Amino acid sequence: MGAGGRGPARWTQRSEVAADARFFGLGGRASGPRLRDGTYRLWNTDPGRAFGPGDDPLYVTMPLQLVVADAATHLMFHDTTWDGTVSLREGEEGAGSGHDRAGRCELRMDGGPLRCWVMVGTPARVLLTWASLTGAPALPPAWALGHQHARWGFGDEQEVRRIVAGYQERDLPLDAVHLDIDHLDGHRTFTVDQERFPKLPVLAEELRREGVRLVSIVDPAVKAVPGGAVYDSGSALDAFVRDGSGRTVRGEVWAGESVFPDFTHARVRKWWGGLYEERLAQGFAGFWHDMNEPTSFSAFGETTLPRSARHAVEGRGGDHREAHNVYALCMARAGYEGLRELSPRERPFLFSRSGWAGMQRYGGTWSGDVATGWPGLRASLALVLGMGLCGVPYSGPDVGGFDGSPSPELYLRWFQLGAYLPLFRTHAGLRAGRREPWEFGAEVLGHARAALLERRRLLPYFVTLAHVARRTGAPYVRPVWWGAPEDRALRDCEDAFLLGDQLLVAPVLDPGTGRRAVRLPRGRWYDTVTEQAYEGPGRVFLDTPLSRIPVLARAGAVVPVRGEDGGLELEVWAPVHGRTGGGLVVQDAGDGWDEPVIERYTARRQGRRVAVTWEREDGSAEPPHPVRVRGLG
């Protein structure tokens, strides 16, 4: 694999890979998912502005590389949380001359152990092994797989009601509304502005009866003013990070001068987890962690805590050089474990802007402040694909971008992409334009409604993918090479993705696109609107009217969908004559912890007849769901 060396406080490891190999991984990289030649930093960073594909590093970095080559796929994980860099150089094949140039990787770390794990096999096998090492992905409640609407700047209860009513009046499905820091009292975490939200629990209950949950932002920084409940209880516990002289480290965040809990201490995590009782009492059903790189606006040289800041590091003792990259991971653990204890019958819903290897145990992530523009749209897909290959299957972008005002076309194409991603959430910053679908004209509203209704129709499939991810580590959103990593043309495809095993989604990522090329894996694929059949491997050209983006179904696919009566229905795409297909159905048993029954279906075709058989994991022989066969012409 390579060679390594160690200096007084740093170490380096160099490795070579096959000339045909391609690099993926390293956490959330806006230029990905395939990582080109260059140097990538391993230091969780808030860029402090809306970012695009050229910005690196971002909020989630991991010393994890996934390398895909003809021979096999392997994952290498360097188990150290320190700052470092990864320099990559792809190989070159000698075009038949026999003089191939191997690909190279050089990892330089500022400290920590030189300890690495290597996993080899198919992509599915590698991700299963990775999940067995770092933990199974958390299972979100079913409602968190629907559409969610957020904004920094909702203002007050009346604005929230207006937004929800706007969705309802226009027949637009909505499952959750997110409240940003403007709902807090002076931006202080675990508080409520009583003037803007005087009856928040009442509002939350009213919305819940209408099928809409409230989700709260939670920042780690605590305003450093005596008299605040969080500051006083944390001070009594000695919960906040100190410097080498024993003084509490202070920084500047939204609430003003602030202190920072040391989440690397079990006692502090226990205290912090208990604070979510206040959020639950306010009626919140889910939580998004922000500013947890951690970010401080103070001039410490970097917009985070000083590297000399001391941390418990699980009792070993250490400083911020070692604790920085796992700060958000430990915060997510505190929140998740606290919610498990406070509300044991419900699955926690939590996602985080920052994190590290293993963060999937506690929830997911989102893009952070992705720039509004076509490059930001492309970066959104790269981040979701890249995080999935790092073992974090639940993620999504700010639909529409965080800043600025997207054009109607850009907003719609972002919205259509988001409808096929695990976390489907519109969001924008305080000074950005609106993000409600009706703000972009009647045509966009109609097409956005169609995308929302299709997401609602596919919810049973998303629920199945969530359960598959928990059991296998396989992401919902997969690169098109997932089942055929030996196909080099697929390895270079970054503008389409597989949604599970059954669907291929080809979003529109450029303006004015009325037709686009789609690279197909081997086998037969059906356009899910026209039912036209296409044969792969190869490239086809498909129309991309504003009304939709191309979505294709694999021949033989059995896809659970929501029928017109609201019940579960099986959409079966005809196998090739004489061949079989199939699929899984996992019906969620509710938002608690009851284990669902797995149903396995097989579809066989003889002439124009398609027979569907099934077996249930519990051995029962209940009749199958209604079946609709498509693709027979």
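## Starting out

A residue is called buried when its relative accessible area is under 20%, exposed when over 50%, and partly exposed in between, using a 1.4 Å probe and protein chains only. This is a predicted model, in which local features need pLDDT of at least 70 and side-chain atom pairs count only at pLDDT 80 or more, while totals for chains, interfaces and linings use all residues. Residues are numbered from 1 along each chain as its sequence is written, and side-chain values use heavy atoms, with hydrogens and water left out.

## Around Arg247

Let's begin with Asp243, which counts as buried because its relative accessibility is 19%. Its side chain meets that of Arg247 in a salt bridge, 3.3 Å from N to O. The term salt bridge stands for a side-chain nitrogen of Lys or Arg within 4 Å of a carboxyl oxygen of Asp or Glu.

Arg247 itself is exposed, at 56% relative accessibility. You will find Arg247 in the loop between helix H4 (229-237) and strand E14 (251-253). Helices (H or I, at least four residues) and strands (E, at least two) are DSSP runs, numbered from the N terminus.

The structure holds 61 salt bridges. One of them joins Asp56 to Arg29, with the closest N and O atoms 2.8 Å apart. Asp56 sits in the loop between strands E4 (38-41) and E5 (61-68), and Arg29 in the loop between E3 (22-27) and E4, so the pair ties together parts that are 27 residues apart in sequence. Asp56 is partly exposed at 32%, whereas Arg29 is buried at 2%.

Glu302 and Arg41 form another salt bridge, their closest N and O atoms being 3.3 Å apart. This pair links distant parts of the chain, 261 residues apart: Glu302 is in the loop between strands E16 (286-289) and E17 (310-311), and Arg41 is in strand E4. There is also a network of salt bridges, linking Glu454, Arg457, Glu531, Glu569, Glu571, Arg628 and Arg630.

## An open sheet

Six strands make an open sheet with antiparallel pairing, in the order E24-E25-E26-E29-E27-E28. Its edge strands, E24 (477-478) and E28 (533-543), each pair on one side only. Two strands pair if DSSP finds at least two bridges between them. E24 and E25 (residues 497-499) pair over two bridges, and Leu498 in E25 is the bridge partner of Arg478.

## Cysteines

How many disulfides does the structure have? A search of the whole structure finds zero, a disulfide being a pair of cysteine sulfur atoms within 2.5 Å. The sulfur of Cys105 is 11 Å from the closest cysteine sulfur, in Cys116, too far for a bond.
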